[in-house]
Amino acid sequence: MSELDRPDRSQIAEISSLTTLLIEACVPVEIFMDFLQRLHEELDEPIRPTEGDE
């Protein structure tokens, strides 16, 4: 992952909030691990510009 592909602070804060929410909600470990796996795969993909960023 290059410097430009790293998540910014707002993305990290969102990930942290979602993770905390899942833990506090006592989400089953299978669902939690699925969330982390999908997040990992998403972070491995190149960042695509959103509408208006092009």
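I count helices as DSSP runs of H or I with at least four residues, and strands as DSSP runs of E with at least two, numbered from the N terminus. With that rule I looked up the secondary structure of the protein and found two helices and zero strands.

The model is predicted, so I note its limits: local features need pLDDT of at least 70, side-chain atom pairs count only at pLDDT 80 or more, and totals for chains, interfaces and linings use all residues. Residues are numbered from 1 along each chain as its sequence is written, and side-chain values use heavy atoms, with hydrogens and water left out.

Next I looked up the surface. Of the 54 residues, 9% count as buried (under 20% relative accessible area with a 1.4 Å probe, protein chains only; exposed is over 50%, partly exposed in between). The protein exposes about 4,900 Å², and carbon and sulfur atoms supply 56% of this area (Shrake-Rupley method, 1.4 Å probe).

Then I turned to the packing. How far apart are the axes of H1 and H2? I found helix H1 (residues 9-24) and helix H2 (residues 29-44) with axes 11 Å apart and an angle of about 165 degrees. Axes are lines fitted to C-alpha atoms over the stretch in contact, and angles run from 0 to 180 degrees between N-to-C directions. H1 and H2 are therefore roughly antiparallel (over 145 degrees).

I listed the contacts (heavy atoms within 4.5 Å): Ile-15, Leu-18, Thr-19, Leu-22 and Ile-23 in H1 meet Phe-32, Phe-35 and Leu-39 in H2.

Last, I checked Leu-18, which is in helix H1 and is partly exposed at 36% relative accessible area. Leu-18 and Phe-35 lie 17 residues apart in sequence and 9.6 Å apart in space, C-alpha to C-alpha.

Conventions:
Angles under 35 degrees count as roughly parallel, over 145 as roughly antiparallel, 65 to 115 as roughly perpendicular and the rest as oblique.
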